[in-house]
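Here's a quick briefing on charged pairs and the nonpolar core. Have a look at the structure first, then read on.

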Amino acid sequence: MSACCGTRSPARTWRAASAAWPAWASPSPARRAGSGRWWWRDCTGRALIAPPERPDAPDFEDGGERLEPLRADFTTLRAYLAEVDLPAVARERLDALDALLEALLEPGWVRDPDHLHVLARAVRQDVPEAVDAFVRTRWWSRVAPGTEPPERHLERQLDALHGEAAGIAAALQEAEELRQRTHTRYLEDRGRG
C-alpha cells in the first residue's frame, strides 16, 4: 500500500478520488491506456482525469502565396475543422468564415499578392491556431473554472479573421465596380466621338 493512501486500499482510494470528479472528468479505460499523454494520478498511480482526445492541427508546408497549393491546404483545414467539437456560436462564425474563404479562393478572384498572403496566413496559421488553442484551453477551463471562457476568445478571433477576409472581399468588389464604371465611361465616350 502506498504511504500517501494511509489505511485505505488502492481500490477504495480510486473510488473515493474518482467520485469527487464530475462525470466528464472520469477517464475511460481507453484513455487510461494512453498513447504517450500525461495524466493526473492518484497516490496509487491510477489516472484521475485526462485531457480529452483531440484531432491534431494540420501542419502545413510553406506553399507560398500560390492559389492551387492554398486551395489544397484549405481542403485539409476543412477536414480538420470537421473533426473538432465547437460550441454552436463559434461553429456558426467558423462556417461564415469558411464560406467567405471558399468564395475568395475560387480561381480568378484574388490576384493581389498581399491579399493572397492574408488568405494563406488565415488558412495555414490563424484558423488552425485559434481552434487548436480553444480545444486545449477549454479542457483547462473545466479543470480550473473561474477564468474567462475560451469560447469568447475563439469567437473574437474568428470575428477578426472574418473582418480581414471581408476587407479583401470589399476590395475585390470595389475593383470590379471601378472596372465596370470605367468600361461604361469608355463605351459612352466612344459613342459620342
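Arg136 is partly exposed, with a relative accessible area of 42%; the label covers what falls between buried (under 20%) and exposed (over 50%), using a 1.4 Å probe and protein chains only. Keep in mind that this is a predicted model, where local features need pLDDT of at least 70, side-chain atom pairs count only at pLDDT 80 or more, and totals for chains, interfaces and linings use all residues. Residues are numbered from 1 along each chain as its sequence is written, and side-chain values use heavy atoms, with hydrogens and water left out.

**Salt bridges within a helix**

- Arg136 pairs up with Asp132 in a salt bridge, with 2.9 Å between the closest N and O atoms; the term calls for a side-chain nitrogen of Lys or Arg within 4 Å of a carboxyl oxygen of Asp or Glu.
- The two sit four residues apart in helix α5, so about one helical turn separates Arg136 from Asp132. Helices here are DSSP runs (H or I, at least four residues), numbered from the N terminus.
- Over in helix α6 (residues 150-192), Arg179 and Glu176 are three residues apart, about one turn of the helix, and their side chains form a salt bridge at 3.3 Å, N to O.
- Arg179 counts as exposed at 59% relative accessibility, while Glu176 is partly exposed at 34%.

**A longer-range link**

- Glu106 and Arg71 also meet through their side chains in a salt bridge, at 3.9 Å from N to O.
- This one ties together distant parts of the chain, 35 residues apart: Glu106 is in the loop between α4 (88-104) and α5 (113-143), and Arg71 is in helix α3 (residues 67-83).
- Both ends are partly exposed, Glu106 at 35% relative accessibility and Arg71 at 26%.
- Glu68 joins Arg71 and Glu106 in a network of salt bridges.
- The salt-bridge count comes to 14.

**The nonpolar core**

- The largest nonpolar core has 33 residues, and those with the most contacts inside it include Leu77, Leu119 and Val127. Such a core is a set of buried Ala, Val, Leu, Ile, Met, Phe, Trp, Tyr and Cys residues joined through side-chain atoms within 4.5 Å.
- At least two residues of this core come from each of α3, α4, α5 and α6, and α5 gives the most, with ten.
- Leaving aside residues up to four places away in sequence, Leu77 touches Phe60, Val123, Val127 and Pro128, where a contact is heavy atoms within 4.5 Å.
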